[in-house]
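Thank you for coming, everyone. Today I would like to walk you through the charged side-chain pairs in the structure on the screen.

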Amino acid sequence: MAEKSIAKTASREEELKKVSRAMLMRQLLPAVGLVAVFIVFNILTKGRMVSKFSLVMSQVYVTMIASTGVFFIMTMGGLDFSQGSILGMASIVVCMVSKVSIPLSILAGIGTGAAIGAMNGFFYVNRKIKSFIVTICTMFLFRGIIKYMTSNSPVMGDIKLTMLGMNETLKMVCTLVVIVLGLLAFRFTKFGIHLKAIGAGEKAAKYAGIRTDRMKFLVYVLAGAITGFAAFINAIKVGSVTASGGNQLETQILIALVLGGMPISGGAKSSFLNVIIGSLLYTVLISGLNMMGLTTQAMQLVQGVVFLIFVTVFADRQSLQVIK
């Protein structure tokens, strides 16, 4: 009996070691992929990836900021396909209000994003409609409004807004502030613990005393507000908003997070590094493909293949469930 007990213990220890190694590989793969993709594209573009590194980095700010809010949503098991429309609407508001006051335009953009996020949260929480259905509906609704508002001509921002776009330090600092605040909130407060608990099992989270409905609503408001702030960065970068403002941002965010190792089902395996590494990896990938002169169709094909590979690797088949 003693020999059997020792054998079982040894077998369990070996299984735990295998699980630990597998988890370590999952955590390291996105970072290794980022370095590998950067090196490969630097070789294929004959060093242009390094020589134009600052230009490459300038493309990451909006995606990284907006990905922060969506990361919180995905951690609790939801989705948000309205992010592009939120960015477009908030960018229009920022440009319009910038003619009155730049600081006021920032607050107006954040308020616009939060209001749309509150709409998503209301129908998701109070009307019990699946998150992806609600956000797809609001995506089309506000995309139509954006096209209507920009049908005659682009919505132009104040000249002072455009001048801010030349300040790369400002955009970098704004991005770092959002990332640091998001990291601190997720890693060192109950906010992150509650999000993971809801993603792992909403019923269990309720029994643990977490006000799940309130948390879900507030997270959608927060995600909208964060994207509203990203709209300010987008507005100073472009200086105006056209009918395509914010178009496909939701797809970019989803791909970026999955490339960063984000589990599709959210939960305890979510890590804030998913936002940072994923946004950088996506930006490097797209910039590299552009530098190689690939057509839009070829770029979409490559993105689809890479996305499928990472989904296959990071989909947690044991806890995967229908999106909430």
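**Salt bridges, pair by pair**

Lys171 and Glu168 are both in helix H9 (residues 168-188), three residues apart, which is about one turn of the helix; helices here are DSSP runs of H or I with at least four residues, numbered from the N terminus. Before I go on, please note that this is a predicted model, in which local features need pLDDT of at least 70 and side-chain atom pairs count only at pLDDT 80 or more, whereas totals for chains, interfaces and linings use all residues. Residues are numbered from 1 along each chain as its sequence is written, and side-chain values use heavy atoms, with hydrogens and water left out.

The side chains of Lys171 and Glu168 form a salt bridge, 3.0 Å from N to O, the term meaning a side-chain nitrogen of Lys or Arg within 4 Å of a carboxyl oxygen of Asp or Glu. Lys171 is buried at 3% relative accessible area, while Glu168 is partly exposed at 34%; buried means under 20%, exposed over 50%, and partly exposed in between, with a 1.4 Å probe and protein chains only.

By this rule there are four salt bridges. Another of them joins Asp213 to Lys128 at 3.5 Å, N to O. Because Asp213 lies in helix H12 (residues 212-238) and Lys128 in the loop between helix H6 (102-126) and helix H7 (131-149), the pair ties together parts that are 85 residues apart in sequence. Asp213 is partly exposed at 28%, and Lys128 is exposed at 57%.

Lys216 and Glu202 also meet in a salt bridge, at 2.8 Å from N to O, and both residues are buried. Through shared partners, salt bridges join Lys128, Glu202, Asp213 and Lys216 into one network.

Technical notes. Helices (H or I, at least four residues) and strands (E, at least two) are DSSP runs, numbered from the N terminus.
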